[in-house]
Amino acid sequence: MARKSGSASRLDDAARAGWLYYVAGRTQDEIAAAMGISRQSAQRLVSLAMSERLIKVRLDHPIAECMALSAALQERYGLKQVQVVPSDPNSDTAPTGIAEEGAAEIERWLKRAEPTVLAMGTGRTLRSAVEQLPPMACPQHRIVSLTGNISPDGSAAYYNVIFLMADAIQARHFPMPLPVLVSTPEERALFHAQPLVKPTLELGGKADVTFVGIGELGAKGPLLLDGFLTADEMSELVAAGAAGEICGWLYNDDGKLLDHPINQRVASIPLPFADDAIIFGMARGKPKHRAIRGALRGGLINALITDEDAARFLLEE
């Protein structure tokens, strides 16, 4: 029998120590005694378990201020569901808290006994949420991608989550074998007519629940950073009044789809989705405040997972 490498063995020890500390509620002294190591070694193993993301923490307690903000947002925008998490004062870009709450919500839907169609968008926040999901057997459900999973260079798009979900969730998956943006409207029509694409388009249009990221525009916009748009195209969109994007679809401050040639090249499933579906938008951070507000004003989403800072911004007007 092959022996484990030193690094693999140490991660095994870290996982055991992490489980004893966070799940079993043991003290570091008790962990040291149980594993036959020093207290300092036990402390280092617990720290390693956290740094290697072997431990995923969810806060199972509603914070009063977050609850009040959630209720106010739900009333102001007529939303079906709102979840507000504490803001991270040291980061305005990382999906801290949003990813964990998004994972918990996705997991709740996956645990439903009745067959459900879950539609998934793309983006950094959504990918972080999917990374938090535990392995699950959900043969009764179907998971469909709302947007293309091919990058401009022909490689698999890193922030498309459909394949990542496939690794963890035992359910039928329906990817979109297209880029986010195609070359022309005619090319989009041709792609959408293909037998391999039409079932995905039809399924995505009747999803029971949808999870999408909300993208900002400008120098740090995902469509620019991921190579789907050039710097000149992004500047042109900003000048034309684009406030945000969902699955590549560009919209203004009122949440209306931008009347622009680039929107005619978006290959994603058209917005809005099924009228009776729940559509979760997941986003936080000051650069995305305007994009979140536009999505809410236009009814592009009817449920929201965000943080305290964004919630207060959305309630200012």
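Me: Leaving aside its neighbours within four places in sequence, which residues is alanine 17 in contact with?

Reply: In this predicted model, alanine 17 touches Ile31, Met35, Leu45 and Val46. Alanine 17 itself belongs to helix 1 (residues 6-23).

Me: Why is alanine 17 counted as buried?

Reply: Buried means under 20% relative accessible area. Alanine 17 has a relative accessibility of 0%, and therefore counts as buried.

Me: Which residues make the contact of helix 5 with helix 6?

Reply: Helix 5 contributes Ile98, Ala99, Gly102 and Ala103, while helix 6 contributes Thr125, Ser128 and Ala129. By class, this contact has 4 nonpolar, 3 polar and no charged residues.

Me: Why do strand 1 and strand 4 stand at the edges of the sheet?

Reply: The open sheet has 7 strands in the order 1-9-8-5-2-3-4, with parallel pairing. Strand 1 (81-85) and strand 4 (169-174) each have a single partner strand, so one side of each lacks a neighbour in the sheet. From one strand to the next, the twist averages 20°.

Me: How do you know that strand 5 and strand 8 pair?

Reply: Pairing requires at least two bridges. Strand 5 (residues 209-213) and strand 8 (residues 278-282) pair in the parallel sense over 5 bridges. Threonine 210, for instance, has isoleucine 279 of strand 8 as its bridge partner.

Key:
Residues numbered from 1 in each chain as written. Predicted model: local features only at pLDDT ≥ 70, side-chain atom pairs only at ≥ 80, totals over all residues. Heavy atoms only, no water. Contact = heavy atoms within 4.5 Å. Helix = DSSP H or I, 4+ residues; strand = E, 2+ residues; numbered from the N terminus. Nonpolar A, V, L, I, M, F, W, Y, C, P; charged D, E, K, R; others polar. Buried < 20%, exposed > 50% of the residue type's maximum accessible area, 1.4 Å probe, protein only. Axes fitted to C-alpha atoms, helices over the stretch in contact; angles between N-to-C directions.
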